[in-house]
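Trainee: I would like to learn how to read a structure feature by feature. Could we go through one together, with the general idea before each case?

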Amino acid sequence: MSVYYLNLTPKYEEGIMHYEVHEENCEWLSEVKDCEELGDFRNCHGAIKEAKQRYPKWKIDGCKYCSPECHNL
Ligand SMILES: [Zn+2]
């Protein structure tokens, strides 16, 4: 299990505004200024589901470095 975090600062990739989910050990997490703890999950899929429940209107994507299997953009 790992703790996952949601970066509350939106990112733009291919012109699409979205919010990224990071795993606790991700090296990019240190660059994230404002994030929210999503909780403990076995993988990024559970973390993304939780983030979507909290922010149903946001486009949520997995970080391409720590959660490549949830990176869709
Ligand atoms: Zn990451």
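Trainee: Which protein donors does the zinc ion have?

Mentor: Before the case, note that this is a predicted model, in which local features need pLDDT of at least 70 and side-chain atom pairs count only at pLDDT 80 or more, while totals for chains, interfaces and linings use all residues. Residues are numbered from 1 along each chain as its sequence is written, and side-chain values use heavy atoms, with hydrogens and water left out. Donors are N, O and S atoms within 2.8 Å of the metal (3.2 Å for Na, K and Ca), and water is not among the atoms, so sites may look incomplete. Here the zinc ion has His 22 (ND1), Cys 26 (SG), Cys 63 (SG) and Cys 66 (SG) as its protein donors, at 2.1 to 2.4 Å. Along the chain, these donors follow the spacing H-x3-C-x36-C-x2-C.

Trainee: What is the geometry of the site of the zinc ion?

Mentor: Ideal angles at a metal are 109.5 degrees for four tetrahedral donors. In practice, four donors count as tetrahedral if all angles lie between 85 and 135 degrees. The four donor atoms of the zinc ion make angles of 98 to 121°, and the site is tetrahedral.

Trainee: Where in the chain do Cys 26 and Cys 66 lie?

Mentor: To describe places we use helices (H or I, at least four residues) and strands (E, at least two), which are DSSP runs numbered from the N terminus. Among the donors of the zinc ion are Cys 26 and Cys 66. Cys 26 sits in the loop between strand E3 (16-23) and E4, and Cys 66 in the segment after E5, so that this pair links distant parts of the chain, 40 residues apart. Contact means heavy atoms within 4.5 Å, and, leaving out residues up to four places away in sequence, Cys 26 touches Cys 63 and Cys 66.

Trainee: Is Cys 26 buried or exposed?

Mentor: Buried means under 20% relative accessible area, exposed over 50%, and partly exposed in between (1.4 Å probe, protein chains only). Cys 26 has 8% relative accessibility and therefore counts as buried, and Cys 66, at 19%, counts as buried too. Asn 25, which also lies in the loop between E3 and E4, is exposed, with a relative accessible area of 62%.

Trainee: How many salt bridges does a search of the whole structure find?

Mentor: A salt bridge is a side-chain nitrogen of Lys or Arg within 4 Å of a carboxyl oxygen of Asp or Glu. The search of the whole structure finds five salt bridges. One of them joins the side chains of Glu 20 and Lys 11 (3.5 Å, N to O); Glu 20 is buried, with a relative accessible area of 5%, whereas Lys 11, at 33%, counts as partly exposed. Another joins Glu 13 and Lys 64, whose closest N and O atoms are 3.9 Å apart. Because Glu 13 lies in strand E2 (residues 11-13) and Lys 64 in the segment after strand E5 (60-62), this pair ties together parts that are 51 residues apart in sequence. Lys 11, Glu 13, Glu 20 and Lys 64 are linked in a network of salt bridges.

Trainee: Which side chain does Glu 36 meet in a salt bridge?

Mentor: Glu 36 meets the side chain of Arg 54 (2.7 Å, N to O). Glu 36 lies in strand E4 (residues 35-41) and Arg 54 in helix H1 (residues 44-54), so the pair ties together parts that are 18 residues apart in sequence.

Trainee: Which residues make up the largest nonpolar core?

Mentor: A nonpolar core is a set of buried Ala, Val, Leu, Ile, Met, Phe, Trp, Tyr and Cys residues joined through side-chain atoms within 4.5 Å. The largest one here has twelve residues: Tyr 4, Leu 6, Tyr 19, Val 21, Leu 38, Phe 41, Cys 44, Ala 47, Ile 48, Ala 51, Ile 60 and Cys 70. E1, E3, E4 and H1 each supply at least two residues of this core, and H1 gives the most, with four residues.

Trainee: Which side chain makes a polar contact with the side chain of Ser 2?

Mentor: A polar contact is a pair of N or O atoms within 3.5 Å; within protein, one must be able to donate a hydrogen and the other to accept it, and residues adjacent in sequence count only if both atoms are side-chain atoms. The side chain of Ser 2 makes such a contact with the side chain of Glu 23 (3.0 Å). Ser 2 belongs to strand E1 (residues 2-7) and is buried, with a relative accessible area of 15%.

How values were computed. Tetrahedral: all angles 85-135°; square planar, octahedral: opposite > 155°, others 65-115°.
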